[in-house]
Amino acid sequence: MIKIDDKSQCSGCGTCVIVCPKNCIQFSEDEIGAKYPVVDVESCINCGKCEAVCPIQNSLHNRDIGKAVYAAYSNESNIRFRGSSGGMFETFATKIIEDDGSVFASKFDDYLKLKCVEATTIEEIRCLTKSKYLQSDCASIFPLIKQRIIEGRQVLFCATPCQVSALEKYLGDLANYENVFLLDFFCHGISSQSFFDKCIEYIEERNNIKILEYQFRVKLPRGATPHYYSIKYRKNGVEKKKTALYTKDPYYLGFQKYITLRNSCYHCPFGTGNHCGDITIGDFHDIERYITGINRFDGVSTVIINSEKGQQLWNRITAQLTSYEFNLEKLYKDEIVFAGGTIEPKGREEFLKDIKSMDFSSIVDKWLNSKKEWKKELYYSLPTFVRRYIKRIARI
């Protein structure tokens, strides 16, 4: 029987819920909306299935930090632009779709709920690009993924390391089939759907608007950071669009301050490697330290090959990429990859106490107020050469 006495021992993946033969596990939410399983003890038959699929409480695979690593980006500017980094997800996903496969990844639905969905067309793939910095409902689609694998279709599943680990445990031996590709990414943590909903509601009420779409990691020409966001909204019957620095949005600001993450993210067992994905992708933020003439804000991905299947999939797309191979041990030593889990910020305990006792508007004013981020906004407003100088001095 799954039992969570320590919040750091639950990633909220939800796999325990879907494997329970008695349907006796439900989720409850804490003060920031993070979900944790609660078992109806009287109905539980102690079959152990819930414990077997837990990606945190089970012992991890004895895997190293990978077999090979590349900096890469798509040669197609549109694909690169649509992605948060170098367009790697869309490139991998497109190859699977071209071979009549299914891709599973997350997107916002019409109500701004983040859910893992199946894509079988190129058009559907394009709706799955970009980072989404909140926890997706993934486990509910695991049975469909299993069905597609058994049908013999190629399957690509892209999610956080803990969600990929959960799927691997759910699938068992099926995860090793040649038609199954698991893709995870560098993850600094996730916040809850519930907290995101509260932030959306706060913005809507404050500005008398209805938010229709939300997008993280918007790329701007000559942008100073990867972290801009955009919203499409309706006001007085007219649809408009707004793009701004992350500090202007309470949810995005809270995420970037790492103060709204679930507890397990500060104790992540995947922060130093040990990923279950056949391939791990993410930003290559410091590419300028190694290769001159590349603008990282155009999008450059790190691609780590973790398995033979991952190598095979990589080989199928290399002709569509510009890529540079690196020494993985050096990048590990330089803390470019797998530099450890996210450190819990000072003040988080006070933040959690305030969440329980203060109205949400007061929470935003105290903790998620863009006016208090004037130093960051000033830095991002500086010319590029000045920011580079400051960054170089800070590194020294």
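This is a predicted model: local features need pLDDT of at least 70, side-chain atom pairs count only at pLDDT 80 or more; totals for chains, interfaces and linings use all residues.
Leaving aside neighbours within four places in sequence, Y214 is in contact with F108, L112, F196, I200, Y229, S230, I231, D249 and Y252. Y214 also belongs to the largest nonpolar core, which has 45 residues. Within that core, F195, F196, Y214, F216 and F351 touch the most other members. Helix 8 gives the most, with six residues. A second, separate core holds 26 residues, including I96, V103, A119 and I305.

Helix 8 was then examined on its own. The buried residues of helix 8 are Q193, S194, F195, F196, C199, I200, Y202, I203 and E204. In an α-helix there are 3.6 residues a turn, so residues three or four places apart point the same way. After helix 8 comes N208, with a positive phi near 55°.

Helix 8 (residues 193–207) also packs against helix 13 (residues 360–367). Their axes come within 11 Å and cross at roughly 95°. An angle from 65 to 115 degrees counts as roughly perpendicular, so helix 8 is roughly perpendicular to helix 13. On the helix 8 side, the contact involves F195, K198, C199 and Y202. On the helix 13 side, F360, S361, V364 and D365 take part. By class, this contact has five nonpolar, one polar and two charged residues.

Two loop residues have a backbone angle worth noting. Most residues other than glycine have a negative phi. N46 is not a glycine, yet its phi is positive, about 55°. N46 lies in the loop between strand 2 (35–39) and helix 2 (49–52). Its relative accessible area is 56%, so N46 is exposed. D100 is not a glycine either, and its phi is positive at about 65°. The loop between helix 4 (88–98) and strand 4 (102–108) holds D100. D100 counts as exposed because its relative accessibility is 57%.

G341 sits in the loop between helix 11 (328–333) and helix 12. With a relative accessible area of 39%, G341 is partly exposed. G341 and G271 are 70 residues apart in sequence, but their C-alpha atoms are 4.4 Å apart in space.

How values were computed:
Residues are numbered from 1 along each chain as its sequence is written. Side-chain values use heavy atoms; hydrogens and water are left out. Axes are lines fitted to C-alpha atoms, for helices over the stretch in contact, and angles run from 0 to 180 degrees between N-to-C directions. Helices (H or I, at least four residues) and strands (E, at least two) are DSSP runs, numbered from the N terminus. Angles under 35 degrees count as roughly parallel, over 145 as roughly antiparallel, 65 to 115 as roughly perpendicular and the rest as oblique. Contact means heavy atoms within 4.5 Å. Ala, Val, Leu, Ile, Met, Phe, Trp, Tyr, Cys and Pro count as nonpolar, Asp, Glu, Lys and Arg as charged, and the others, Gly among them, as polar. A nonpolar core is a set of buried Ala, Val, Leu, Ile, Met, Phe, Trp, Tyr and Cys residues joined through side-chain atoms within 4.5 Å. Buried means under 20% relative accessible area, exposed over 50%, partly exposed in between (1.4 Å probe, protein chains only).
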